[in-house]
Amino acid sequence: MAVNFYEEVEDKFLRFAVIIAEVDGEYVFCRHRERDTWEIPGGHREPGEKILDTAKRELYEETGAVDFEIRPVCVYSVIAKDNFDGRESFGMLYYADIRSFEGELHSEIEEIIVTDKLPERWTYPQIQPKLMEEAERRGFVADNVMR
């Protein structure tokens, strides 16, 4: 599996939005109700949806964030033999600073954690830690979270 990073690609190729979210200097990870692993909030782009709107929707659905500032980090891609017939698939990586959450979650997410440490059990261990590393390299993630 390969994870690559780009400044931009044509909008039509962006299929996913992933949002590294922070609140009060700590990071927000979520756990799907059918898993015991953690992930960075994100998901699939709906037909006709702008990729920024995908990011905002997924951040709300997966964390309950209602007041936040969000900005793009970069484009990422994944190439995996068992995904998209081995073709490169693209997503947009965002960073969000959350100011407040809604009281409850309304999606498939069972719970969120707010922490200054990376999860030990990732849902996507070959992808999401690399997204965190790239965000750190670009100055979005504090270097102490990666240690």
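Mentor: The residues lining the largest pocket divide into eleven nonpolar, seven polar and five charged, where Ala, Val, Leu, Ile, Met, Phe, Trp, Tyr, Cys and Pro count as nonpolar, Asp, Glu, Lys and Arg as charged, and the others, Gly among them, as polar. This is a predicted model, in which local features need pLDDT of at least 70 and side-chain atom pairs count only at pLDDT 80 or more, while totals for chains, interfaces and linings use all residues. Residues are numbered from 1 along each chain as its sequence is written, and side-chain values use heavy atoms, with hydrogens and water left out.

The lining comprises 23 residues, and those nearest the centre of the pocket are Phe16, Gly43, His44, Tyr124 and Gln128. A pocket here is an open set of points on a 1 Å grid over the protein atoms alone, where a 1.4 Å probe fits, with protein on both sides within 12 Å along at least five of seven lines, and lining residues have an atom within 4 Å of a point. The space in this largest pocket is about 500 Å³, the volume being that filled by probe spheres set on the points, which are joined across faces, edges and corners.

At least two lining residues come from each of β2 (14-23), β4 (42-44), α1 (51-63), β5 (65-79) and α2 (128-137), helices (H or I, at least four residues) and strands (E, at least two) being DSSP runs numbered from the N terminus. Within α1, Arg57 and Glu61 lie four residues apart, about one turn of the helix, and their side chains meet in a salt bridge at 3.4 Å, N to O, the term requiring a side-chain nitrogen of Lys or Arg within 4 Å of a carboxyl oxygen of Asp or Glu.
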